[in-house]
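Take a look at the structure first, then read on.

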Amino acid sequence: MKAEDRDKIDRYRRGETGDTNARANTEPIEVIPEVMVSRSLRLPADVFEELVALASAQGVAWSTLVRQWVIDGIVTARHATGTEVDPAIELQRGVAMITHAASRLQQRAA
């Protein structure tokens, strides 16, 4: 932390709020890509066709829909047993909901 920033924090804590100009941090944030694993899933052909149809109706890939179902299932199971849900799973669930909503909006706009 810069000495200048440390001084500003100290002044703020003492109630000296003379500098009220809001500033945004423009420093780049390093984003670490999520590690995904691939696993085989065997389904009867008619079940897979239904899965593809459901995913298509929602505007997502079938694998995305299955991933959302798995995440929802983990959260439901954890809540049922009173076990804390891993924050990373909750975050992934939120990302899935946002992605789904964005996809639906794109479909409506088209």
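Which helices do the buried residues of H4 pack against? They pack against H2 and H3. Keep in mind that this is a predicted model.

**Helix H4**
- Helix H4 covers residues 87–109.
- Its 23 residues should span 33 Å at 1.5 Å a residue, and its end C-alpha atoms are 33 Å apart, so the two values agree.
- Gln92, Ala96 and Ser103 are buried in H4.

**Helices H2 and H3**
- The axes of H2 and H3 lie 8 Å apart, and the packing angle is about 90 degrees.
- H2 is therefore roughly perpendicular to H3, as angles of 65 to 115 degrees count as roughly perpendicular.
- H2 brings Phe48, Leu51, Val52, Leu54, Ala55 and Gln58 to the contact.
- H3 brings Trp62, Leu65, Val66 and Trp69.
- By class, nine residues of this contact are nonpolar, one is polar and none is charged.

**Val60, between the two helices**
- Val60 sits in the loop that runs between helix H2 (45–58) and helix H3 (62–81).
- Its relative accessible area is 15%, so Val60 is buried, the cut-off being under 20%.
- Leaving aside residues up to four places away in sequence, Val60 touches Ala55, Leu65 and His100.
- Ala55 belongs to the H2 side of the H2 and H3 contact, and Leu65 to the H3 side.
- Val60 and Ser103 are 43 residues apart along the chain, with 7.5 Å between their C-alpha atoms.
- Ser103 is one of the buried residues of H4.

Key
Residues are numbered from 1 along each chain as its sequence is written. This is a predicted model: local features need pLDDT of at least 70, side-chain atom pairs count only at pLDDT 80 or more; totals for chains, interfaces and linings use all residues. Side-chain values use heavy atoms; hydrogens and water are left out. Helices (H or I, at least four residues) and strands (E, at least two) are DSSP runs, numbered from the N terminus. Buried means under 20% relative accessible area, exposed over 50%, partly exposed in between (1.4 Å probe, protein chains only). Contact means heavy atoms within 4.5 Å. Axes are lines fitted to C-alpha atoms, for helices over the stretch in contact, and angles run from 0 to 180 degrees between N-to-C directions. Angles under 35 degrees count as roughly parallel, over 145 as roughly antiparallel, 65 to 115 as roughly perpendicular and the rest as oblique. Ala, Val, Leu, Ile, Met, Phe, Trp, Tyr, Cys and Pro count as nonpolar, Asp, Glu, Lys and Arg as charged, and the others, Gly among them, as polar. The expected span of a helix is 1.5 Å times one less than its number of residues.
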